[in-house]
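Please look through the structure below before reading the comments. They are written for someone new to reading protein models.

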Amino acid sequence: MTENAVPAAELYTDEFAVDPYPAFAKLRVDSPVCPVTSPRFDSYLITRYDDAKAALMDPRLSKDLYGPGQHFLRIFGPNSEGLNKNMLNSDPPEHSRLRQITSRAFAPRRLEALRPRIAEIVAGLLDRIVPDGHADLMRDFAIPLPMMVIGELLGIPDKDRQTVLEWTQVIRESGSSGRPPAEEKARVQEAQAWLHGYLTELVAAKRIRPGDDMVSMLVAACDEEGVLSERELVSTTFLLLFAGHQTTADFIGNATVALLTNPAQLDLLRATPDLLPQAIEELLRFDGPLPVASPRIATEEVEYQGVRIPEGSIVGVVINSANHDPAQFEDADRLDLCRERGPHLGFGHGVHYCLGVSLARMEAQIGIGELLRRLPGLALAVPPEELRRLPAASPFRGLIELPVRFTA
Ligand code: HEM
């Protein structure tokens, strides 16, 4: 690493956890391709919009973390391997094969059929909190909603969903439990091992008794067509489970805070519900749940903004910084629900563009739309700076709790 590398501890401060956008703005100007050192692994952060978009398309920045260098182990630790042999961690042509098989489950007609069920789940969750006049919207709404939806899609039995949710939350909230780091690491590994075991059993159960769900469909691709290995099958199920609920939960939380702290925009949306689809895109641009795209590895030396990134380096494309780049978005730090639906990078770009984008939009539109309709007078129950957030260095941007009150 070069001398001007920034230690991760200097970047990921408490202020960064609350509001990372001033730090991103500084990086875009002073060090748009910034080397960052950390005890776990060093990396290069790409923060300008044009570079970020190019990097997400750059075949020299590989997603195959299983090659030489043991990148997977370095980044995610032991126990993660069985869960991560999936499309997100592979390059074409492997990636194309894995993505094509899974895409069948996201056919527009199949997803459209899910709309009434999502509305029903949203209504059920809101029915429970409406009489109280207060809630923790993460615990009571944003986290369970996508878990229930992806649970149904995957065919996870109802009785197991809460336990699955608890173990996935251990991974999501790692670094914020207050436990010593070694204990925390052991707990994440325990969660990975539990999920691996559970999903392996789920696959076995679907083999005996298939249903009309995604896991059964993937089992058929594995057993009947032979186009998916057993490890890829379990690992793809994990990707769908994790990607399917984690990001959506954090997005609903972040979007709600953005609206509640921008009352004029909130009023506008309440008065103009037709704005909702456009508003969802702007809220994702404004404060997305995946600040940095999943790690890439330079397969050869590459150069961005005159900075040479050596072969074998880990590269982080900072989506949330790119989405606030004033060179791309006018008045980029302002929430403007009427903004033209611009080409934000919140769902990624290139071959790894979010596979669940239509589902995510559907959940967010129904979820946020109904939240505003059913909870009049919705307001934060604590000042925004006191909201408990995931740690600054977390790969996810989200809240641990979202206490609100409303007119019961
Ligand atoms: C607001 C919610 C969501 C956001 C912001 C989001 C964002 C993203 C982003 C940025 C990527 C690209 C990551 C990269 O290039 O490193 C991605 C990939 C992916 N997302 Fe989403 N996602 C969301 C919801 C979902 C849902 C509901 C699913 C459904 C299961 C899903 C499934 C996937 C999958 C399978 C990939 C990997 C695609 C590939 O590697 O080809 N996502 N998502």
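The numbered points below treat the basis of the model, the sheet, the ligand, some backbone and side-chain details, and a pocket.

1. Basis. This is a predicted model, in which local features need pLDDT of at least 70 and side-chain atom pairs count only at pLDDT 80 or more, whereas totals for chains, interfaces and linings use all residues. Residues are numbered from 1 along each chain as its sequence is written, and side-chain values use heavy atoms, with hydrogens and water left out.

2. The sheet. Helices (H or I, at least four residues) and strands (E, at least two) are DSSP runs, numbered from the N terminus, and two strands are said to pair if DSSP finds at least two bridges between them. An open sheet is formed by 6 strands in the order β1-β2-β3-β9-β6-β4, with mixed pairing. Its edge strands are β1 (6-7) and β4 (61-62), each of which pairs on one side only. Strand β4 runs antiparallel to β6 (residues 296-298), and 2 bridges join them; in β6, A298 is the bridge partner of L61. As background, strands of a sheet pair through backbone hydrogen bonds, either parallel or antiparallel.

3. Two or more residues of the shell around the ligand come from each of α6 (94-103), α14 (230-260) and α18 (357-374), and α14 gives the most, with 7 residues.

4. The shell around the ligand. The ligand is surrounded by 30 residues, of which the closest are H95, S294, R296, H352 and C354; a residue is counted as near if one of its heavy atoms lies within 4 Å. By class, the shell has 19 nonpolar, 9 polar and 2 charged residues, where Ala, Val, Leu, Ile, Met, Phe, Trp, Tyr, Cys and Pro count as nonpolar, Asp, Glu, Lys and Arg as charged, and the others, Gly among them, as polar.

5. Backbone details. P92 and P93 are joined by a cis peptide bond, with omega about 5°, and P93 is placed in the loop between α5 (71-76) and α6. Although Q305 is not a glycine, it has a positive phi of about 50°; Q305 is in the loop between β7 (302-304) and β8 (307-309). D331, also not a glycine, has a positive phi of about 50° and lies in the loop between α17 (319-322) and α18.

6. A buried side chain. E281 belongs to helix α16 (residues 276-286), and its side chain makes a polar contact of 2.7 Å with that of R361. E281 counts as buried because its relative accessible area is 5%, buried meaning under 20%, exposed over 50% and partly exposed in between (1.4 Å probe, protein chains only).

7. A pocket. The lining of the second largest pocket receives most from α11 (158-172), with 7 residues.

Conventions
A polar contact is a pair of N or O atoms within 3.5 Å; within protein, one must be able to donate a hydrogen and the other to accept it, and residues adjacent in sequence count only if both atoms are side-chain atoms.
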